[in-house]
Amino acid sequence: MRHLASRHHPLVARCRALGRGAAEGPPRLLLDGPHLVLEAIGSGLALEAAILDEGFAASAEGARILEALAGTGAETLTASRPVIDAASPVSTP
């Protein structure tokens with residue numbers, strides 16, 4: 001699992017564009033929150049990437065999400081709160 005250290009990373013920019021409804025390319029969804037990610041995995045949706053807050057990734061619930069993501073082929077990354085805030089348009093998941 002990689003650590004995403006920059007608010008200017010291309011993945012952060014893609015997430016921000018999705019949140020604004022301004023993303024280019026094929027249709028995509030930005031899922032914000034553990035329950036939405038688990039529901040997507042359970043529904044068989046293809047996930048490209050998941051960015052988890054560093055503290056959340058170290059929690060029991062974070063471990064459960066990481067375990068569920070392990071078989072999906074999605075890239076999993078951790079990030080600091082400022083990077084998560086830059087990627088997500090919502091203040092609370």
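Predicted model: local features only at pLDDT ≥ 70, side-chain atom pairs only at ≥ 80, totals over all residues.
Several elements of secondary structure take part in the lining: the helices α1 (10-20), α2 (34-43), α4 (60-70) and α5 (81-87), together with the strand β2 (49-53), supply at least two residues each. Which of them gives the most to the lining? That is β2, with five residues. By residue type, the lining of the largest pocket holds 23 nonpolar residues, seven charged residues and three polar residues.

Two of the helices in this lining, α2 and α4, can also be looked at as a pair. Two packed helices are described by the distance between their axes and by the angle between those axes. For α2 and α4, the axes come within 10 Å and cross at roughly 25 degrees. Angles under 35 degrees count as roughly parallel, so α2 is roughly parallel to α4. The crossing of these two helices, α2 and α4, is left-handed.

The contact between the helices can be followed residue by residue. On the side of α2, the residues are P34, V37, L38 and I41. They meet E61, R64, I65, A68 and L69 in α4. In this contact of α2 with α4, seven residues are nonpolar and two are charged, while no polar residue takes part.

How values were computed. Residues numbered from 1 in each chain as written. Heavy atoms only, no water. Helix = DSSP H or I, 4+ residues; strand = E, 2+ residues; numbered from the N terminus. Nonpolar A, V, L, I, M, F, W, Y, C, P; charged D, E, K, R; others polar. Axes fitted to C-alpha atoms, helices over the stretch in contact; angles between N-to-C directions. Parallel < 35°, antiparallel > 145°, perpendicular 65-115°, else oblique. Left-handed = near helix turned anticlockwise from the far one by under 90°. Contact = heavy atoms within 4.5 Å.
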